[in-house]
Amino acid sequence: MAIMPSTAPDPAHRAGPSRTILGQVRSQPTAVATLERALATGRVHHAYLFDGPDGVGKELAAFGLAQALVCEVRGSSPAAGAAPEACGECSACKRTSPREGHARPLHPDVVVLERGLYEPAQIGRRTPEAQELSIDQVRTLVLARAAFPPHEGRAKVFIVRRADELSISATNALLKTLEEPGKGTHFILLCSRPDTLLPTIRSRTLRVRFAPLPDTVVTELLVARGTAQETAGTLAALSGGSMATALALADPEESSKRQQFVEKALAAVESPDLGTGLELAEEAKKNKDVLEISLQALAIRLAEEARRTAANGDRHADVAAARYRLALSAAQELDANASPQLTVESMIVRMRSV
Ligand SMILES: [Zn+2]
């Protein structure tokens, strides 16, 4: 439970855990308390860096803070910050809520920046943003609006997804605004690898840390979305506390691609020569977006095999368990930015010698 300041309104005002977006953030008591305190004291920082693994609630918390800042009811309160929370019911609150199947909310003062989110023509480009969040997006969405007050008069909130993808020129273009944004303008940068951000960005933002979710919470959220209890538990244990990873592991549409990887990896381990393994490593270079999750799927398969064979008193269980650990550590190496091709190649070589 978040620590509430003594100026907290009547508890009835807080009834219903999911009425506000911030109220829907799970298992992040420190981060949520920091934001609630800022709202309650009227001292919301103008530039936050929400840092933590993907799929742990950073984005939900960003929309939650934005909702409180643009809320019509909270905004009309005479005393600065008298209400720490959004009302969750006014038109502004509803239009800030994330929409299923849409990457952006409807509210014109809650602006999302993300690599590839906009058509090139919308941000004055000829080519798509393949690698980086471009300076064109920063110019069109942020700088061009900097001089104007919020459309609806309360606050302007810029949420930057995967801030580590900002190009150097986009970062430099953003710095001055980040340091001295206009009145009522706030930035929330989301990032899972803050060490890769330029120091100039880190020094201008206030860091709020988000922790991995407990396995029990990931399990519960998966079960609520229809995954069977036992499967949910296994996926949660492999998710590293990330709901994004757990959902990708549970997604049947993605699972056939992962299945192919798993089958090919197992074949490469048993194959008389290294040909299949080298092929798989070569493919890994092209499919690096799904590679980590494929390695986790391989780990699940090997864990199940170890469990099954151990029950029969089979010696093969030790081999499967050792290979399971190799698959897991390959996934971790990849997470630490190792080369996809080398990671897969060395994993196969080591699995073959178990
Ligand atoms: Zn409201």
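Q: Which residues do ring pairs link into a cluster?
A: This is a predicted model, with residues numbered from 1 along each chain as its sequence is written; local features need pLDDT of at least 70, side-chain atom pairs count only at pLDDT 80 or more, and totals for chains, interfaces and linings use all residues. Side-chain values use heavy atoms, and hydrogens and water are left out. Rings of Phe, Tyr and Trp (its six-membered ring) pair if their centres lie within 6.5 Å; planes under 30 degrees apart are stacked, over 60 edge-to-face, and the rest tilted. The cluster linked by such pairs consists of Tyr48, Phe50 and Phe210.

Q: How many residues apart in sequence are the parts that Phe50 and Phe210 tie together?
A: The model has 3 aromatic pairs by this rule. Phe50 and Phe210 form a tilted one, 5.1 Å centre to centre with 40° between the planes. Helices (H or I, at least four residues) and strands (E, at least two) are DSSP runs, numbered from the N terminus. Phe50 lies in strand β1 (residues 47-51) and Phe210 in the loop between β5 (206-209) and α8 (215-224), so the separation in sequence is 160 residues.

Q: Are Phe50 and Phe210 buried or exposed?
A: Buried means under 20% relative accessible area, exposed over 50%, and partly exposed in between (1.4 Å probe, protein chains only). By that rule, Phe50 and Phe210 are both buried.

Q: What arrangement do the 4 donor atoms around the zinc ion have?
A: Donors are N, O and S atoms within 2.8 Å of the metal (3.2 Å for Na, K and Ca). Here they are the SG atoms of Cys71, Cys87, Cys90 and Cys93, at 2.3 to 2.4 Å. Four donors count as tetrahedral if all angles lie between 85 and 135 degrees. The angles here are 105 to 116°, which makes the arrangement tetrahedral.

Q: What spacing do the donors of the zinc ion follow along the chain?
A: Two of the coordinating residues, Cys71 and Cys87, are buried. Along the chain, the donors follow the spacing C-x15-C-x2-C-x2-C.

Key
Tetrahedral: all angles 85-135°; square planar, octahedral: opposite > 155°, others 65-115°.
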